[in-house]
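These are my notebook entries on a structure that is new to me, written down in the order in which I looked things up.

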Amino acid sequence: MSGLGVTEKVMIGTTLLGCVAGMIGCFAVLRRRALVGDMLAHAALPGLCLAFLITGGRNFAELFLGALAAGVVGVALVTFAARWTRTKEDAAIGIVLSTFFGFGIVLLSIIRRLPMGNKSGLDTFLFGQAASMRNQDLLVLSGVAVLVLGLLTLLYKEFKILCFDPDFAAAQGWPTVWLDLVMMATLAVVTVVGLPAVGVVLMAALIIIPAATAGFWTSRLGPMLLLSGAIGGVASVLGTAVSSGQLGWYGSTDVSPVHASNLPTGPLIVLCGSAMFTISMLLAPDRGVLMRMLSTALMRRSARWEAMLRTLYELDESAQTRPAVVTLPSVINERGWSERMARRWIRYAERRQLVERVPGGVRLTAAGAMEAAQVTRAHRLWELYLLEGANIDLDLTERDTNSIQHLLGPDVVARLEKELREQGRLPAVRAV
Amino acid sequence: MITTAPPVELHDVTVAYHRKPVLWDIDLTVPDSSLVGIVGPNGAGKTTLIKAVMGLVPLTSGKVEIYGQPYQAQRALVGYVPQRESVDWDFPVTVRDVVLMGTYGRLGWFRRPGRAETSRAMQCLEQVGVAGLADRQIRQLSGGQQQRVFLARALAQDAQIYFMDEPFAGVDAATESAIIKLLQTLRGRGKTVLVVHHDLQTVSDYFDHVVLLNLRLVASGPTATTFTTENLHTTYGGRLTILDKAAEAVRLNRPS
């Protein structure tokens, strides 16, 4: 350990913290207790101050216990308020969080005025000072990391069933109250251990952001857990690297993280995490905002195109002379589109050589007639199937033109075709 | 002489929330190998009844026995299908994961489900007809499919007694008939199934025993003799619309 430079030490420390916080945060978020983590962090401040006042030193073990004790008192108060008064749980959390934090700030200013106050170093607990990580801090972090990982491995299925269906878990005989306590205790320990590095104000972000980000990429708990840990770790690496000037685009040539002009590590880690969250929120396939907008737009477009083809077929079908001349007003009438939209789609059909311009309007080409017939046939088969099937329990996620044969099977399709033919509504399609 | 204790027995069970009684002095014996319907108006304590038997709500007084023993000793014999609303359907688990949870009880602490558990889960999924959805995330299921998954989970528990809370609520006709067939199969295998039911018109078709509940036990026994207009009147008080339905239900099923 003595061979490691300061920067490496800090990097390892924050990465361990980021991974562990991300993983326990995953469960905290799924269990809807993420704000309790925030409360634990903020409530720790008066605990730290009181521990300092009582013991007079900056022995981390004593401070740690003070922080933990204050956190426990906070949780007890929240539970009391939520269960025995009319206060809602989130209001109770907010009240306890801000009260304790305010009390802590007051204690901080009192301590600052004391003779040994300047050397207390307690101010750094507000936003953390990862740069001052010592060997023993690293050891504590490693120990906690091993413990948490071991716990999450051992109790994986227990936590899973607890979070998903606590009633069922209790009925099966799992001690849900104890399991909850273990989960919350783990959260409390990780929170308090992370305070020197990231600080009271932002520790909650380290717990919540990786889990929320992971949710955009997976729908399974196992991968979500691992991803959450990875994201927390990566955010920590990036944040520490930027703050220590290693990604030194702001010009400092001094790469020592204890240099006073460096940017604070804690907030930078959180910002890196937020950046990853924002990117995921926008760009994740399936669940990202932009991707969903894109896929909705594509779906709408494809639906309109099929509607266009069907309209062309139907107008042709019902005309006296075939192939019929389709006019713009008739398309507008049939579909209820604006003139601009109708023109646009007719032009598109022209570009694809499915219709050709003739005096008076457009007319289906041979290729156009075939494609329009195919689309209309599939549409009418689906329509008929859905109309008569009261007991449908089929999962129809893709009612694609080409997939009807595949999804319903040849027998069903043959029967539907027969019925459509009897109604005189089966489009003639040349076998491909 | 061998006396076999009944599957479920309640003695003087009272449950109160904040000093308001929800169940009052319930004395109930459930016969073996039967399909039992629990009916009553909203707020009658039907869900509380099965939760009280399973120890999910504390008893203010009285005791519950499963085959003559307290519930805590007999957990392995009881399967549970809770109401669909009680679960977070946004949770990142697949259908298979949910059914595997039914096997957790037998696995015990720290052990992970293995190949035996997975194949059992797939068997249960096939029994309810949704084996093809095993890898689907539960958010994407329809109401009927969700209910079937819950049932599969209960089946994976391999229990003797099953408690089901409104399993027919909000499911399509195909799922409803699939469920009732499954329940009848379970009864055929000697299991006892207690179902909180909301639809009076199907009680006589589905259940051989019925429990009429409204805070206190109004009546319980074989459907033919217990599901009477008079008992329904007592259970539902003066709620006429329900009474009409009930009278109709009784009339249709009584041999003229």
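Entry 1, a loop residue of chain B. I began with Asn42(B), which counts as exposed because there are 6 C-beta neighbours inside 10 Å, where 12 or fewer is the cut-off for that class. I then looked up its place in the chain and found Asn42(B) in the loop between β3 (35-39) and α1 (46-53) of chain B. Going from Asn42(B) to Tyr236(B), I noted that the two are 194 residues apart in sequence, while their C-alpha atoms are 9.5 Å apart in space. I keep in mind throughout that this is a predicted model.

Entry 2, the sheet of chain B. I followed the strands across and wrote down the order β5-β6-β7-β3-β8-β9 (chain B), six strands in an open sheet with mixed pairing. Which strands stand at the edges? They are β5 (78-81) and β9 (216-222) of chain B, and each has a single partner strand, so one side of each is left without a neighbour in the sheet. From one strand to the next, I noted a twist that averages 15°. As background, I reminded myself that strands of a sheet pair through backbone hydrogen bonds, either parallel or antiparallel.

I looked at strand β8 (residues 209-214) of chain B, which runs antiparallel to β9(B) and is joined to it by six bridges. One of the pairs I looked up is that of Asn214(B), whose bridge partner in β9(B) is Arg216(B). Across β8 and β9 of chain B lies helix α9 (residues 229-236) of chain B, which runs at about 155° to β9(B).

Asp158(B) sits in the loop between α5 (143-156) and β6 (161-165) of chain B, and Asp158(B) is partly exposed because 15 other C-beta atoms lie within 10 Å. Arg32(A) belongs to the loop between α1 (6-30) and α2 (34-55) of chain A, and with 11 C-beta neighbours inside 10 Å, Arg32(A) counts as exposed.

I found a mean pLDDT of 86 for chain A, with 90% of its residues at 70 or more. Among the elements of chain A, helix α10 (residues 203-214) has the highest mean pLDDT (96) and helix α17 (residues 404-408) the lowest (72). The pLDDT is below 50 over residues 248-255 of chain A, a stretch with nine contacts in the model beyond near neighbours in sequence. Where pLDDT is low, the predicted coordinates should not be read in detail. Last, I looked up the domain assignment of chain A, which gives domain 1 (6-203) and domain 2 (292-388 + 396-423), and I noted that 61 Å separate the centres of these domains, taken over C-alpha atoms.

Terms used
Residues are numbered from 1 along each chain as its sequence is written. Chains are lettered from A and ligands numbered from 1 in the order in which they are written. This is a predicted model: local features need pLDDT of at least 70, side-chain atom pairs count only at pLDDT 80 or more; totals for chains, interfaces and linings use all residues. Helices (H or I, at least four residues) and strands (E, at least two) are DSSP runs, numbered from the N terminus. A residue is buried if 20 or more other C-beta atoms lie within 10 Å of its own, exposed if 12 or fewer, and partly exposed in between; C-beta atoms are placed from the backbone. Two strands pair if DSSP finds at least two bridges between them. Axes are lines fitted to C-alpha atoms, for helices over the stretch in contact, and angles run from 0 to 180 degrees between N-to-C directions. Two residues are in contact if their C-beta atoms, placed from the backbone, lie within 7 Å. pLDDT is the predictor's confidence in each residue, from 0 to 100. Domain bounds come from an automatic or database domain assignment.
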